[in-house]
Amino acid sequence: MIAPSEFESTLRQFITGIVMALPGIDSAEPPVVALESPRSRAHGDMACSSAMQLASRLRKPPVQIAQQIAAQIQALLPASALAGAIASVEVKPPGFINFFLSQEFLASVLQEVLKRGSDYGRIQYGQGKKAMVEFVSANPTGPLSVAHGRQAAVGDALASILDFAGYKVDREYYLNDEGTQIELLGSSLLVRAQQQLGRSAEIPENGYKGDYLIVAAKKWLEQNGEAIADDPDAQKKAKAFIVKELIEVIRGELERFGVRFNRWYPQSSLDEKEYLKETLELLKKRGDLFEQEGAWWLRSTAYGDDKDRVVIRSDGRLTYIAADIAYHRTKYERGYQRLVNLLGPDHHGYIVRLKASVQAMGFDASWLNVLIVQLCTLKRGSELIPMSTREGKFTTLTELMDEVGVDAARFFFLLRKIDAHLEFDLELAKKHTLDNPVYYIQYAHARISRIAENAAQEKISADQADPALLKSPEERLLLELMRNFPNIIELTARTLETYAVVAYLQELAAAFHKFYDAHRIIGSEPAVAAARLQLCVGVKTVLGNGLRLLGVSAPEKM
RNA sequence: GCGCUCGUAGCUCAGCUGGAUAGAGCACUAGCCUCCGAAGCUAGGGGUCGCGCGUUCAAAUCGCGCCGAGCGCGCCA
């Protein structure tokens, strides 16, 4: 019997061979054989639409072509590697060829799930290549917002999924610890400190007005003495203090959210060893950095940007792009072959620029995937909660975690396509009731745990079970869904769209609840009870694996 | 003005590289626990897939043009 993981590619090759041998097919233009999972199970477990695609080339009705192909499949199947895996083949108008998997093959899927356990679904797609997901990377100018939370949830899940798909993954946080915003932050703290000492001082325009700076100012004065406010280097010292302070705040928030980075990469370290300067020299040498009107520009228009971008200002100071270019050079030089960046929606113009700079340095820009994570709107019932970062009035990730918990927060952030606006309903996320989608999946997992407990008391063992007994539509559907899990991982690794995993888990949970309602484990005849228990254990394994990848807990009871 | 994202059921959204009667949850209606967790299951109503043209055997899906929503367009980051 063919291994479940080999099945689809083998079937595709098998059909391709048959199609190529059809009279009238030009081997110089090999047709691509399309396999799909039919929407309705009545159409089989797999379907092929090649006959319709070939209809105009062969000038024959699609059904006739499908029958021709199906006849060849029937003839060659017994001697092929797929023998035994496919139970039957049918042709249906307008020209589909539908395949029904055999009971034995589906049973072998369950064996595979149980054998591999927490590794079921792990695939070799990434071939061990180094991959990096850079995400959050928020300026350390305050607590993380809800928007950062969404990036954290998505980035962490993507990293886990890429790891599962066979990449060697690092999670990295690019730490913006210098530049205009950080200077502003430092002076804002200094002002707060002055105010603490009863002096009149005003937060600079565009400065940071959040209350957390008042708290930090008190701490700064307490730790260093009041004299530090009059130190000639007060501004510098204030800046260093607050950056360090806020990084720890952010690190703690992410830790609580269940996100750990392998590396925090400080922008300031790019200055060391003249790396930044050297990078700019490299660009000059390659001809994509040119001087005009006293400033140095990146010739990004050569790579599809609508205008060139200033890298070195006419006064000699560097723009943020300079540091970003150097930083991305390190990513390539550190040997990463798949780079994923998550950015907020205000950065989308930046994607072209970044890709241009990477190409200008001679790297392969296709290795770089920049994803825009859209904002999310919070609402409480029907009431929208407005958000504004600069004014210091915004809902923080911490407040969100306090209110709805980590599991619900992470799950809700993954619930939508990442480039679509997300409406986060706090009331819904808090509800421990049936309309909350988090609990639907977790409930299935917990329910199986209880069943397994009860079954053990009844002395039902899954060890010697015969999965061939799992013949009902509900049982078959569960087996077929389990078979598909590795495909979902591959799809997600390719498209970087986490929604597929969420949707898959919802589907698997739904299929389980239906099965549970239709069939009993305890109380059935012993052989059937054992087989069904084994099926339950398999479903629990896959649910657990999926939830783990999303960073959501899989509770034994709830 | 240019660019990006989006427009599918009353609401929130799926629909993967075009495919067989357009799906799910919520809300609404009616059922299912002397029985492994009812945080569950079953059934029902509800849609000109923003509009138009084009490509195709086949378009919610691809292309073009409108209409509408959101965001971005600094020698800021």
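**Ser449.** I began with the contacts of Ser449: leaving aside neighbours within four places in sequence, Ser449 touches Glu556 and Lys557 (contact means C-beta atoms, placed from the backbone, within 7 Å). This is a predicted model, in which local features need pLDDT of at least 70 and side-chain atom pairs count only at pLDDT 80 or more, while totals for chains, interfaces and linings use all residues. Residues are numbered from 1 along each chain as its sequence is written, and chains are lettered from A and ligands numbered from 1 in the order in which they are written.

I found Ser449 in helix α15 (residues 437-457); helices (H or I, at least four residues) and strands (E, at least two) are DSSP runs, numbered from the N terminus.

Lys459 has a positive phi of about 60° although it is not a glycine, and Lys459 is exposed, with 7 other C-beta atoms within 10 Å. Ser137 has a positive phi too, near 45°, and sits in the loop between β5 (130-134) and α5 (146-164). Ser137 counts as buried, because it has 22 C-beta neighbours inside 10 Å. I noted a cis peptide bond between Pro93 and Pro94, with omega about 5°; Pro94 belongs to the loop between β3 (86-92) and β4.

**Helix α2.** Which residues of α2 (residues 50-58) are buried? I listed Ser50, Ala51 and Leu54. They cover an arc of only 80° around the axis, so they sit on the same side of α2 (the arc is that of the directions from the helix axis to the C-beta atoms). Their cover includes α1 (4-20), β2 (46-48), α3 (62-76) and β4 (96-101). After α2 comes Arg59, with a positive phi near 55°.

**Helix α13.** Here I found a mostly covered helix: eight of the nine residues of α13 (residues 406-414) are buried. Among them are Arg410, Phe411, Phe412 and Phe413.

**α16 against α17.** I looked up how α16 (residues 473-495) meets α17 (residues 499-518): the angle is about 170° and the axes are 10 Å apart. Axes are lines fitted to C-alpha atoms, for helices over the stretch in contact, and angles run from 0 to 180 degrees between N-to-C directions. That makes the pair roughly antiparallel (over 145 degrees). The contact includes Leu477, Leu478 and Leu481 of α16 and Tyr504, Leu508 and Phe512 of α17.

**Core and whole chain.** The largest nonpolar core has 156 residues, a core being a set of buried Ala, Val, Leu, Ile, Met, Phe, Trp, Tyr and Cys residues joined through C-beta atoms within 7 Å. Leu162, Leu478 and Leu508 are among those with the most contacts inside this core. Helix α18 (residues 526-550) gives the largest share, twelve residues. For chain A I counted 18 helices and 15 strands, and 39% of its 558 residues are buried.

Conventions:
Angles under 35 degrees count as roughly parallel, over 145 as roughly antiparallel, 65 to 115 as roughly perpendicular and the rest as oblique. Two residues are in contact if their C-beta atoms, placed from the backbone, lie within 7 Å. A residue is buried if 20 or more other C-beta atoms lie within 10 Å of its own, exposed if 12 or fewer, and partly exposed in between; C-beta atoms are placed from the backbone.
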